[in-house]
Amino acid sequence: MSQQSPLPKRLKEARSKLKISQKELGIKAGIEEFSASSRMNQYEKGTHAPDFSTLKNIAEVLGVPTAYFYAEDDALAQYILRFDA
C-alpha cells in the first residue's frame with residue numbers, strides 16, 4: 001500500500017494562509033521567474049517534489065519549519081507549527 005506524501009497538501013495550506021501566489025512563492029524561494037508558477041503548481045499537485053534545499057527555501061519564505069511539510073497527520077502538523085513559534 002503506497003502512501004501519498006503530505007507535502008503537497010501542507011505546501012498549499014501554508015501558501016494559502018500567507019495569501020501569495022504560486023509564482024510569487026517560487027520567485028521568493030529562488031526559482032527562476034519563468035518557471036516559478038509551473039514548478040510550484042507541480043509541487044502542490046504532487047507531480048514532482050522539490051529537493052530538500054528548495055523546500056528549505058520555500059519553508060523560510062512561508063515562515064514554517066521544514067518538518068511541517070512531512071507531518072503525516074494534521075494534529076502533528078499543527079503541533080510542529082506551534083512548537084516552532
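Lysine 9 is partly exposed, at 43% relative accessibility (partly exposed lies between buried, under 20% relative accessible area, and exposed, over 50%, with a 1.4 Å probe and protein chains only). Lysine 9 sits in helix 1 (helices are DSSP runs of H or I with at least four residues, numbered from the N terminus). This is a predicted model, where local features need pLDDT of at least 70 and side-chain atom pairs count only at pLDDT 80 or more, while totals for chains, interfaces and linings use all residues. Residues are numbered from 1 along each chain as its sequence is written, and side-chain values use heavy atoms, leaving out hydrogens and water.

**Around lysine 9**

- Lys9, Arg10, Glu13 and Asp74 are joined in a network of salt bridges (a salt bridge is a side-chain nitrogen of Lys or Arg within 4 Å of a carboxyl oxygen of Asp or Glu).
- The C-alpha atoms of lysine 9 and tyrosine 43 are 9.4 Å apart, although 34 residues separate the two along the chain.

**Salt bridges**

- The count is 6 salt bridges.
- Aspartate 74 pairs with arginine 10, with 2.9 Å between the closest N and O atoms.
- That pair links distant parts of the chain: aspartate 74 is in helix 5, arginine 10 is in helix 1, and they are 64 residues apart.
- Arginine 10 is buried, at 2% relative accessibility.
- Aspartate 74 is partly exposed, with a relative accessible area of 41%.
- Arginine 15 forms a salt bridge with glutamate 44, and their closest N and O atoms are 2.4 Å apart.
- Arginine 15 is in helix 1 and glutamate 44 is in helix 3 (residues 33-45), so this bridge ties together parts 29 residues apart in sequence.
- Arginine 15 and glutamate 44 are both buried.
- Lysine 28 and glutamate 24 meet through their side chains in a salt bridge of 3.2 Å, N to O.
- Lysine 28 and glutamate 24 are separated by about one helical turn, because they lie 4 residues apart in helix 2 (residues 22-28).
- Lysine 28 is exposed, with a relative accessible area of 51%, and glutamate 24 is partly exposed at 33%.

**Largest pocket**

- The largest pocket holds about 170 Å³ of space (on a 1 Å grid over the protein atoms alone, a pocket is an open set of points where a 1.4 Å probe fits, with protein on both sides within 12 Å along at least five of seven lines).
- Its lining has 13 residues, and Lys17, Leu62, Gly63, Val64 and Leu81 are the closest to the pocket centre (lining residues have an atom within 4 Å of a point).
- Helix 1 (7-18) and helix 5 (74-84) each supply at least two lining residues.
- Helix 1 gives the largest share of the lining, 4 residues.
- The lining comprises 8 nonpolar, 2 polar and 3 charged residues (Ala, Val, Leu, Ile, Met, Phe, Trp, Tyr, Cys and Pro count as nonpolar, Asp, Glu, Lys and Arg as charged, and the others, Gly among them, as polar).

**Nonpolar surface patch**

- Leu76, Tyr79 and Phe83 make a nonpolar surface patch of about 360 Å² (patch residues have over 30% relative accessible area and no salt bridge, and nonpolar side chains are joined within 5 Å).
- Leucine 76 belongs to helix 5.
- Leucine 76 is partly exposed, at 38% relative accessibility.

Conventions. Points joined across faces, edges and corners; volume = space filled by probe spheres on them. Patch = residues over 30% accessible without salt bridge, like charges linked within 9 Å, V, L, I, M, F, W, Y side chains within 5 Å. Areas by Shrake-Rupley, 256 points an atom, 1.4 Å probe, with all protein chains shown as cover.
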